[in-house]
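Colleague: I am new to this structure and would like to know what the labels put on it rest on. Could we go through them one at a time?

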Amino acid sequence: MLDAAGRCFDTLYEMSTSKLGDGMTACVFVVKDRTTGALRACKLAERRAQRHNWSRLCQLMRHESTLLQEIGYHPNVVRWEGSFASCNRLAIVMELVVGGDCQQLLQRHGALAEETVHAMICQLFAALSRLHGLGILHRDVKLENLLCDTSTRPPRVKLCDFGHAVTQRDLMADRQFYGTPGYAAPEVVQGPVWTAKADVWAMGIVMYAMLANSLPFDCEDGWRRPADLSSRAWWRVSLEAKLLLQALLEPQLDARGSLQTFEQSAWRALSPDQRRDEPPAPMRQAFSYSEMSAMQVQQSEARRKAMTSGRAGPLPHAASWTELQLATGTASDAGDAGAGDAGGAGGELWPGPAAAAPADAASAAGAADAPLASLCDENGDDQVMETPAPSSAEFSSIGLMKIVEK
Ligand SMILES: Nc1ncnc2c1ncn2[C@@H]1O[C@H](COP(=O)(O)OP(=O)(O)OP(=O)(O)O)[C@@H](O)[C@H]1O
Ligand SMILES: [Mg+2]
């Protein structure tokens, strides 16, 4: 395979057998830059695997390559590094995003903390703003196409897979893509009618999925009934988030919110410090058991006081089951009935009282201590931490650190 300048892929890169993903069009592998030793991702399509679709596939891969170059550098769009072609193989070399895609992240860890979702969705918004500003629609925004670098805190997300993206000028000639089931907006399923609001709808689906660990609509016309935002999984999610989701997941195209609606939403304004342009600070590797205990007690106590005094204040999320129990004095030792509210298989990333059960807080919080086991060494002793105790704002990333450790 050669690139446009006639350079040979095999001279520049060493292919590994380590597979990052398997899409409909291609497989993505890790490759090593032979000069610098840096690792990259390579999306590879082979004629023998796609004999019947080969010419269509060539079109998609070339198109993706062109669009990625047109978009240029953006912190939340996967970076293009080169394209190579031979008569039997096509490859796009991109930056390697460690951590995989958001679908894999949810499969490993279940629903994410609202604070984490906030940071990630704001980045998706930034990527879509760039695209729409250039007159490009992505048309396939979904968890699998949102890569997630979990080595930073908050995680850095990057949009990938531009195979179905179109520029406004090509839109009239290319209306044949019907989107991905579960993510396609009503007017796309019925039309397809492609506008920027189809990406906005998909952004709403992604936000919902991250918070609840499930898609809001489970069949093609599931949107005829409003998305569930009131079941137990949603008790701990802020009203601001729910109002925004209602605006983004509005089936009527004209009434649906836009990127501007998102930008001006109360939810986006919840954590102004997360709107910084500079790259997020590196994530701490772990917290000790005692640090977590202290934070846990502090946080529960503050919440209890605020709630019993009737001044709950601007909580960033709705009260969980345990918080309600604490507020009404009905907490028991039986464990938090709200644990795993959001359906998270691997424990969610929200710093609620159920997330930790230090010895001195167990009776107060009534939480199970299993999630903390990984923070102790083999003898059950605390890990030694050199860094100072984190603020409560940092607390929410504890779950994420479990990802990094894995
Ligand atoms: N740069 C990257 N770094 C890490 N993983 C990646 C990267 N690019 C892609 N992947 C992984 O490979 C998967 C497939 O990539 P991609 O979506 O580009 O392929 P596709 O064949 O176009 O997929 P689709 O089935 O959506 O059409 C992604 O979902 C992701 O898990
Ligand atoms: Mg994909």
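Modeller: Start with burial: a residue is buried if 20 or more other C-beta atoms lie within 10 Å of its own, exposed if 12 or fewer, and partly exposed in between. The model is a predicted one.

Colleague: Why is Asp174 called partly exposed?

Modeller: Asp174 has 14 other C-beta atoms within 10 Å. That value falls between the limits of 12 and 20, so Asp174 is partly exposed. Asp174 sits in the loop between β9 and α5. The C-alpha atoms of Asp174 and His164 are 9.5 Å apart in space, and the two are 10 residues apart in sequence.

Colleague: What makes Phe177 partly exposed?

Modeller: Phe177 has 16 C-beta neighbours inside 10 Å, so it too counts as partly exposed. Phe177 lies in the loop between β9 (166-167) and α5 (186-190). Leaving out residues up to four places away in sequence, Phe177 touches Arg139, His164 and Pro192.

Colleague: Why does Arg139 count as buried?

Modeller: Inside 10 Å, Arg139 has 24 C-beta neighbours. The limit is 20 or more, so Arg139 is buried. Its place is the loop between β6 (136-137) and β7.

Colleague: What is to be said about the phi of Arg139?

Modeller: The phi of Arg139 is positive, about 70°, although Arg139 is not a glycine. Most residues other than glycine have a negative phi. Asn213 also is not a glycine and has a positive phi, about 60°. Asn213 lies in the loop between α6 and α7.

Colleague: What makes His138 buried?

Modeller: Its count is 26 other C-beta atoms within 10 Å; the limit is 20, so His138 is buried. His138 is in the loop between β6 and β7. Apart from residues up to four places away in sequence, His138 touches Leu128, Leu131, Leu159, Phe162, Ala165 and Asp199. The C-alpha atoms of His138 and Leu128 are separated by 7.9 Å, and the pair is 10 residues apart along the chain.

Colleague: How do you know that the buried residues of α7 line one face of the helix?

Modeller: In α7 (residues 239-248), Ala241, Leu244, Leu245 and Leu248 are buried. Seen down the axis of α7, these buried residues fall within an arc of 100°, so they line one face. Their cover includes α4 (114-133), α6 (196-212) and α8 (259-263).

Colleague: What makes up the largest nonpolar core?

Modeller: This core has 83 residues, and Leu124, Leu146, Met203, Val206, Met207, Met210 and Leu211 touch the most other members. The largest share, 13 residues, comes from α6. Domain 1 (1-96) and domain 2 (98-286) each give the core at least three residues. Met207 is in contact with Val117, Ile121 and Leu245, leaving aside its neighbours within four places in sequence. In soluble globular proteins, nonpolar side chains tend to be buried together.

Colleague: Why is ligand 1 said to lie between two domains?

Modeller: Both domain 1 (1-96) and domain 2 (98-286) give residues to the shell around ligand 1, so ligand 1 lies between them. Of the 22 residues around ligand 1, Gly21, Gly23, Met24, Ala41 and Asp161 come nearest. The strands β1 (13-22), β3 (39-46) and β5 (89-95) each supply at least two residues of this shell. By class, the shell has 11 nonpolar, six polar and five charged residues.

Colleague: How many helices and strands are in the chain, and what percentage of its residues is buried?

Modeller: The chain has 13 helices and nine strands. Of its 406 residues, 42% are buried.

Notes:
Residues are numbered from 1 along each chain as its sequence is written. Chains are lettered from A and ligands numbered from 1 in the order in which they are written. This is a predicted model: local features need pLDDT of at least 70, side-chain atom pairs count only at pLDDT 80 or more; totals for chains, interfaces and linings use all residues. A residue is near a molecule or strand if its C-beta atom, placed from the backbone, lies within 6 Å of it. Helices (H or I, at least four residues) and strands (E, at least two) are DSSP runs, numbered from the N terminus. Ala, Val, Leu, Ile, Met, Phe, Trp, Tyr, Cys and Pro count as nonpolar, Asp, Glu, Lys and Arg as charged, and the others, Gly among them, as polar. Domain bounds come from an automatic or database domain assignment. The arc is that of the directions from the helix axis to the C-beta atoms. Two residues are in contact if their C-beta atoms, placed from the backbone, lie within 7 Å. A nonpolar core is a set of buried Ala, Val, Leu, Ile, Met, Phe, Trp, Tyr and Cys residues joined through C-beta atoms within 7 Å.
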